Amino acid sequence: MFITFEGGEGSGKTTQIALLREWLERRGFRSLTTREPGGTPLGAKLRELLLDVRSQVEPSAELLLYAADRAQHVAALIRPALQAGTVVLSDRYADSTLAYQGYGRGLDLAALQHITAFATGGLQPDLTFFLDIDPAQGLARRAQEGALNRLDALSLAFHQRVREGYLALIAAQPQRWVRIDADQPLAVVQGTIAAVVEERLVLGRA
Ligand code: TMP
């Protein structure tokens, strides 16, 4: 099963993935935690380029760098793990491109879908959690934790468009997505995620 986590900055995805991984292990499921950008050695280099505030990157180049990271990630890590029966948990995946480069930057959505399909060979997640947080609150959280990356540093209006983009993606494919209010206590968010995974995975309804 391939599970992805999406959300704005400061939505708590990374913490929730770690908690889900522990939960899966307690139930005897082998899992792999990874992220985009940066899930492979090549991706780690691309991540540095993409998130460095000093990088000057045109929107089209930004898109293709994320796509290159994803192509490597799917071929070298995600597909082999899924074939070995491992549950893959990814902190971001293709929906981030639609939300950030599509709705945020304003690139053509149909073009993004073609490029993404090429990069992934059509691999789609079985389940995607959207940890929904008010962008102003999320950015404030992120700023408290440390330095903002190149995309964090974009305007609040950009991050609001990203959130609207996610909501549009959810409306288009509601069966794949679960939206969770991330402004709830950690344990409540984790309980919701675990309950959904239990239903889809443990009861074999994925
Ligand atoms: P994060 O995963 O640590 O939040 O940082 C990744 C940043 O990259 C985040 O601002 C979202 C952005 N991003 C895109 O713009 N497009 C993509 O396709 C992906 C995977 C991430």
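Residues are numbered from 1 along each chain as its sequence is written, and side-chain values use heavy atoms, with hydrogens and water left out. Because the model is predicted, local features need pLDDT of at least 70 and side-chain atom pairs count only at pLDDT 80 or more, while totals for chains, interfaces and linings use all residues.

The ligand is surrounded by 16 residues. Arg 47, Tyr 66, Arg 70, Thr 97 and Gln 101 are the closest. By class, the shell holds five nonpolar, four polar and seven charged residues. Here Ala, Val, Leu, Ile, Met, Phe, Trp, Tyr, Cys and Pro count as nonpolar; Asp, Glu, Lys and Arg count as charged; the others, Gly among them, count as polar.

For Thr 97, the distance from a side-chain N or O atom to a ligand oxygen is 2.6 Å. For Arg 47, the corresponding distance is 2.9 Å. Glu 9 places a polar side-chain atom 3.2 Å from a ligand oxygen. Alone, the ligand exposes 480 Å², and the protein buries 96% of that area. Accessible areas come from the Shrake-Rupley method with a 1.4 Å probe; for residues, only the protein chains shown count as cover.

Helix H2 (41–51), helix H3 (59–83) and helix H4 (94–104) each give two or more residues to the ligand shell. H4 provides the largest share, four residues. Helices (H or I, at least four residues) and strands (E, at least two) are DSSP runs, numbered from the N terminus.

The ligand takes up the space of the largest pocket. A molecule sits in a pocket or cavity if more than half of its atoms lie within 2 Å of its grid points. On a 1 Å grid over the protein atoms alone, a pocket is an open set with protein on both sides within 12 Å along at least five of seven lines; a cavity is a set of points where a 1.4 Å probe fits but cannot get out; lining residues have an atom within 4 Å of a point. Points are joined across faces, edges and corners, and a volume is the space filled by probe spheres set on them.

The largest pocket holds about 520 Å³ of space. Its lining comprises 28 residues, with Glu 9, Lys 13, Arg 47, Arg 92 and Arg 142 nearest the centre. Six of the lining residues are nonpolar, ten polar and twelve charged. H4 gives the most to this lining, with four residues.

The second largest pocket has a volume of about 370 Å³. It is lined by 20 residues, and Asp 95, Leu 98, Gln 113, Gln 124 and Arg 176 are the closest to its centre. H4, helix H5 (109–120) and H7 each give two or more residues. H5 supplies the largest share, five residues. This lining has twelve nonpolar, six polar and two charged residues.

One cavity of 30 Å³ or more is counted. The largest cavity has a volume of about 90 Å³. Among its 14 lining residues, Gly 8, Glu 9, Ile 133, Pro 135 and His 159 lie nearest its centre. Strand S4 (127–132), helix H6 (135–145) and helix H7 (156–172) each supply at least two residues. H7 contributes the largest share, four residues.

Two backbone features remain. Most residues other than glycine have a negative phi, and most peptide bonds are trans. Glu 36 and Pro 37 are joined by a cis peptide bond, with omega about -10°. Pro 37 sits in the loop between strand S2 (31–35) and H2. Arg 92 is not a glycine, yet its phi is positive, at about 80°. Arg 92 lies in the loop between strand S3 (87–91) and H4.

Conventions: A residue is near a molecule or strand if one of its heavy atoms lies within 4 Å of it. A polar contact is a pair of N or O atoms within 3.5 Å; within protein, one must be able to donate a hydrogen and the other to accept it, and residues adjacent in sequence count only if both atoms are side-chain atoms.
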